[in-house]
Amino acid sequence: MFKKSVFLILLFSFFFLMLSALVVFIAPAARVASWADWTFLGLSRPSWEAAHLGMGLLFVVAGLAHVACNRATLLDALRDADGVVVLFTRPFFVGLIVAVAVFVWSLGGMPPVGQLVAVSDYLKQRAVETYGEPPYAEAQRSTLESLARRMGMDKDKALALLRLKNIKAESANMTLAEIARQNGVAPGGVFEALRMVMEPSGGNPAGLPKDPPPGLGRRKLSDICEEYGLPQATAMSRLAAAGMKAQPSWTLTDTAKANNVLPIAVYEALRTEKPAPVAVEVTPTPEAATPQPVQEQESAPAQQQPTTVQQSAPVQEPTPVQAAPQQAPVAQPAQPAPGVASQPGYAPTTPGAVQPSQPGYPPATVAPAQPPAPAASIPATPPPGLEKMMLQTFCREYDIPLSVAVQRLARHHITAFGDMSFEELSLENNRTPSDIMRLVVGQ
């Protein structure tokens with residue numbers, strides 16, 4: 001009775017193990033299945049994965065019990081021609097070599113294992129094209145407020161539109177999965193309704209969005225340019241200006257690997273236009289006129305005049321010949337040419353000295369030097385409210401380029417965006433906000 005039950009349990013567990021393995025083989029990727037609420041025979045992918053693990057465990061236990069119940073048969077397989085049990089027999093080596101050979105063959109991706117993996121990847125890619133994929137990992141677990149902020153949406157408009165689409169959402173603190181479960185739709189359907197109120201998020205005239213859309217790394221550069229209206233020559237010139245080599249037939253990921261950078265760096269190079277040089281015009285302040293140091297006039301030594309502070313000429317008073325006003329460093333004042341004495345009535349100009357005022361002239365004033373702006377120091381301890389602070393706000397306050405902060409986090413396998421808060425980064429990566437801050441500042 002016991003042996004028969006063990007044998008039947010082993011048989012049935014093998015059947016369900018094969019069924020669950022086939023479903024997991026053809027099922028979409030986990031992120032796509034959760035986003036599209038994919039099911040097979042009424043069961044989701046996580047349910048099938050749990051069933052596969054359970055049947056595998058039952059199959060192992062039943063197999064061990066079957067071996068224990070039929071140990072006499074196992075010992076007969078190890079006996080030699082004289083009936084003596086010998087472990088290292090010819091059948092033993094044949095079975096061991098076949099098992100090890102198939103294991104190593106599978107690790108190398110040799111046929112037919114490599115073809116089976118390719119078929120599974122093809123089915124999963126078709127599922128992505130059919131059902132779509134989330135804008136970022138675990139997007140269905142994000143609250144409506146967090147998703148609206150990250151995707152450049154207004155949460156009030158998002159709530160209003162969901163109500164117009166007959167999708168009930170009590171507050172913006174509900175997750176997309178909860179909203180979808182409450183209304184009997186997939187999280188992807190809720191997101192498609194929200195996309196109608198998506199606001200511009202700083203994209204450039206070429207139409208590239210601020211955050212890269214999902215699946216963009218697997219697309220060719222030529223396809224990206226065609227979809228977003230970016231001229232191919234412009235895209236190649238931008239990448240070349242950033243010091244990256246690229247071909248229109250390369251994918252975004254291939255371009256990143258060829259240049260040993262992150263895919264987000266290639267995407268930012270495609271979005272960024274080299275700014276034109278801007279001329280800065282300095283306007284005088286409405287305070288008292290500040291005299292500027294002048295240079296002596298380049299003329300013959302006989303006509304050379306010393307530099308003086310530019311002043312207004314009084315009535316019926318001779319004014320000395322003034323040089324053309326040009327801005328020159330104070331540390332290098334104009335000196336008369338060698339061998340030429342200064343004219344009578346003028347004091348020689350000395351570095352750092354303020355010339356005295358003459359009768360009938362207003363006194364010359366010197367503007368005080370303004371102290372330089374203090375540079376932002378890297379905080380040794382977390383600032384107040386770090387958990388709610390966005391990454392781009394922190395980088396702006398402490399003068400850290402956002403791209404440098406993103407690359408520093410990427411070295412520790414942390415995917416970050418400028419509009420993510422330190423609390424979100426810590427929850428998604430199982431770290432504290434203080435740890436994220438230390439990685440950002442490079443400590």
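**Confidence along the chain**

The mean pLDDT of the protein chain is 76, and 72% of its residues reach 70 or more. Among the elements of the chain, helix H3 (residues 45-69) has the highest mean pLDDT, at 94, while helix H7 (residues 144-150) has the lowest, at 80. Two stretches call for caution: over residues 275-355 pLDDT stays under 50, although the model has 70 contacts beyond four places in sequence for them, and over residues 369-375 pLDDT also stays under 50, with zero such contacts. Where pLDDT is low, the predicted coordinates should not be read in detail.

**Salt bridges**

| Pair | Distance (N to O) |
|---|---|
| Arg 141 and Glu 138 | 3.1 Å |
| Arg 271 and Glu 268 | 3.5 Å |
| Glu 423 and Lys 388 | 2.9 Å |

Arg 271 and Glu 268 both lie in helix H14 (residues 263-271), where three residues, about one turn of the helix, separate them. Arg 271 is buried, with a relative accessible area of 14%, and Glu 268 is partly exposed, at 31%.

The salt bridge between Glu 423 and Lys 388 links distant parts of the chain, 35 residues apart, with Glu 423 in helix H17 (residues 422-429) and Lys 388 in the loop between H14 and helix H15 (391-397). Glu 423 counts as partly exposed at 29% relative accessibility, and Lys 388 counts as exposed at 65%.

Terms used:
Residues are numbered from 1 along each chain as its sequence is written. This is a predicted model: local features need pLDDT of at least 70, side-chain atom pairs count only at pLDDT 80 or more; totals for chains, interfaces and linings use all residues. Side-chain values use heavy atoms; hydrogens and water are left out. pLDDT is the predictor's confidence in each residue, from 0 to 100. Helices (H or I, at least four residues) and strands (E, at least two) are DSSP runs, numbered from the N terminus. Contact means heavy atoms within 4.5 Å. A salt bridge is a side-chain nitrogen of Lys or Arg within 4 Å of a carboxyl oxygen of Asp or Glu. Buried means under 20% relative accessible area, exposed over 50%, partly exposed in between (1.4 Å probe, protein chains only).
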